[in-house]
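Hi,

Here is the structure I promised to pass on.

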Amino acid sequence: MNSKRSSIRHTDIRQLESALWQMLREESAAVLVVLDADDRILQANAAFEAIVGRRVQGVSMHEFVIDFHDALSFEKLCAPEAQGQLLHISTGRELPVSFRFYVRRVGEHTLLFGESPDADMRRLRAELLTMNNELHDLSRQLQKRNRELEELVALKNRFLGMAAHDLRNPLGVIISFSELLLTAEDTPLTDAQRESVEIMFSSGHFMVKLIDDLLDISAVEEGGLSLRREPVHIAPLIRSNLLRNRLLADRKKIIVEECITDNLPVLHLDRGKFEQILNNLLSNALKFSTSGSTITVTCAMGDGEVLLSVRDEGPGIPADEIDLLFRPFARTSVRSTGGERSTGLGLSIVKRIVEGHGGRIRADSVVGEGSTFTVHFPLPEKSQT
Amino acid sequence: MHNTNAIPARLREQYLRSLLLGDKRDCAAIVQRLLDDGMPVRTLYVDLFQDALYSVGALWERNQISVATEHLATSVTLSLFQLVYPRVFSIPRIGRTALVACATDEHHHIGARMVSDVCELHGWDCHFTGSNTPVDDLCRMVVEKRPEFLGISLTLFANVGNLLQLIRSVRHEMPSLPIVVGGQAFRDGGLDILEDFSAVTYYGSLDEFEAFLDPTYRYPAA
């Protein structure tokens with residue numbers, strides 16, 4: 001009795017198969033396609049026709065399958081390892097739809113069964129969610145690390161500032177005493193002694209310059225630039241600055257020319273910092289200029305800005321090194337003409353001061369011809385109208 | 001500055017509405033406004049993020065929104081954490097380390113994130129391993145980071161077996177490491193399964209957890 005109830009009769013099997021076939025044809029989300037020996041579609045279920053958007057009986061299957069290696073090779077599709085692989089079906093209107101296909105040869109016919117993409121979509125969505133979470137975790141870690149790095153940089157700057165400040169005083173003593181030795185008339189030095197003391201004196205000065213630059217850069221990086229702005233007539237300020245810098249230029253027999261437009265507008269600048277910009281640009285130009293060459297300082301009106309430029313006839317900077325110029329401690333391959341030393345901080349300080357004033361700095365250079373550094377200072381709003 | 005920690009009900013409703021619509025921009029504007037007004041991060045987490053997500057969960061349980069909408073709400077919330085992080089990570093460190101993880105197969109992770117950030121707000125350095133943490137990975141992290149405690153979040157009680165396996169494995173590596181368990185999985189009971197383990201404590205609320213982090217912590221006035 002039990003076995004009779006639980007088994008399916010042979011005639012019922014035929015009916016069940018027929019019902020299943022009908023369900024697959026009309027109601028299933030899976031796709032089902034029967035092909036003849038020439039890969040033409042004999043039958044396709046409603047799901048397949050809905051995807052491709054047309055009736056397909058008699059149409060070659062090749063029209064719908066895209067990006068399959070060696071076109072549509074059913075020999076390959078029938079191979080055991082190909083079962084369940086993704087096959088991309090062209091919809092003709094929208095993006096292709098991918099199915100996991102299973103292929104069976106039945107006599108001269110080929111049966112293709114494509115698993116609904118829902119399962120893949122679910123997998124894809126889960127993967128996307130996981131990726132999103134992982135990205136967020138990485139972003140959280142990144143923000144945390146950035147914060148820690150900011151704290152380290154602040155600590156480094158504080159340390160740098162303190163160390164530099166404490167080094168200044170003993171250095172001042174070394175410079176003063178070496179200067180005293182060099183100028184003392186009652187106890188003249190021998191030539192060898194004088195040479196040694198002069199090295200001591202110039203090295204001391206270089207270290208003071210280095211410390212000043214370090215203090216500047218650490219102050220800027222720690223708490224931003226502190227500017228004491230005031231209305232400044234820049235033309236007379238540049239001219240008086242050039243008078244001092246010409247003394248240095250004369251030592252190397254370098255000519256400093258000026259081309260300063262009259263009636264330049266009054267700018268709101270930090271006077272001391274503006275001079276620092278000019279001093280750094282000029283000392284750079286002097287370092288890389290040869291005897292007899294000319295440095296030209298130009299100041300003129302631009303479009304809504306005042307342009308200050310320092311042009312030299314030095315060896316120029318290779319194009320791939322221009323970006324290095326404004327980075328602290330970064331050095332280019334160009335060497336100074338008089339053996340002058342560089343702290344590697346001057347131009348990065350200039351850049352920060354210029355940007356602190358709302359301006360920008362640009363370097364143009366041609367190897368063998370020279371370099372031009374141009375500072376763009378924006379005009380105060382009142383001057384622009 | 002806010003004199004009160006409460007987020008106005010009107011703003012919470014607006015936030016929930018935008019969250020359900022997936023309107024990230026509006027949600028972000030609300031969060032940014034509250035942050036700019038000096039709203040404490042903890043209040044933001046509990047009274048806005050948590051409150052809204054509990055409402056989203058309740059709507060999903062009543063079949064009033066789809067799982068896709070729930071995922072969208074989670075995704076939007078996740079992106080809003082970015083706005084809060086600058087504040088979270090600016091708290092001075094106190095030199096203590098914690099590790100927070102979600103149990104294996106546990107994909108609900110927002111609560112664990114909040115717990116991690118609350119640790120940071122108390123000055124702890126908290127490593128968060130994300131959702132669905134494999135046992136081996138967690139054990140490796142525990143050995144590597146040497147945290148003072150391990151926090152494990154469990155939202156679905158169905159994953160409780162994974163939680164127990166996680167605890168056993170960690171116990172094997174570090175027998176005396178305090179383990180803190182939290183999450184919605186135990187809101188209807190079932191805590192007895194943790195009784196077999198020593199130094200495993202369940203905290204049912206953020207207040208209890210914060211009191212564990214900092215014994216001087218006082219619960220905010222209701």
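Among contacts in chain A between residues at least 6 apart in sequence, what percentage join residues at least 24 apart? The answer is 60%, where a contact means heavy atoms within 4.5 Å. For chain B, the share of such contacts (again between residues at least 6 apart) that join residues at least 24 apart is 74%.

Some housekeeping before the rest. This is a predicted model, so local features need pLDDT of at least 70 and side-chain atom pairs count only at pLDDT 80 or more, while totals for chains, interfaces and linings use all residues. Residues are numbered from 1 along each chain as its sequence is written, chains are lettered from A and ligands numbered from 1 in the order in which they are written, and side-chain values use heavy atoms, with hydrogens and water left out.

On to the chains. Chain A has 10 helices and 13 strands; these are DSSP runs numbered from the N terminus, with helices being H or I of at least four residues and strands E of at least two. Of its 385 residues, 36% are buried, meaning under 20% relative accessible area with a 1.4 Å probe, protein chains only. Chain B holds 8 helices and 5 strands, which run α-α-α-α-β-α-β-α-β-α-β-β-α along the sequence. In chain B, 47% of the 222 residues are buried.

Thr372(A) counts as buried because its relative accessibility is 19%. Beyond its neighbours within four places in sequence, Thr372(A) touches Ser309(A), Val310(A), Arg311(A), Arg362(A), Ala363(A) and Asp364(A).

Now for where the chains meet. Chain A brings 13 residues to the contact and chain B brings 23. About 1600 Å² is buried between them, 42% of it from carbon and sulfur atoms; that is the accessible area (1.4 Å probe) that two parts lose on being put together, summed over both. On the chain A side, His136(A), Arg140(A) and Lys144(A) lose the most area to chain B, together 40% of what that side buries.

The interface of chain A and chain B also has 4 salt bridges, each a side-chain nitrogen of Lys or Arg within 4 Å of a carboxyl oxygen of Asp or Glu. One of them joins Lys144(A) to Glu120(B), with the closest N and O atoms 2.5 Å apart.

Cheers

Terms used. Buried means under 20% relative accessible area, exposed over 50%, partly exposed in between (1.4 Å probe, protein chains only).
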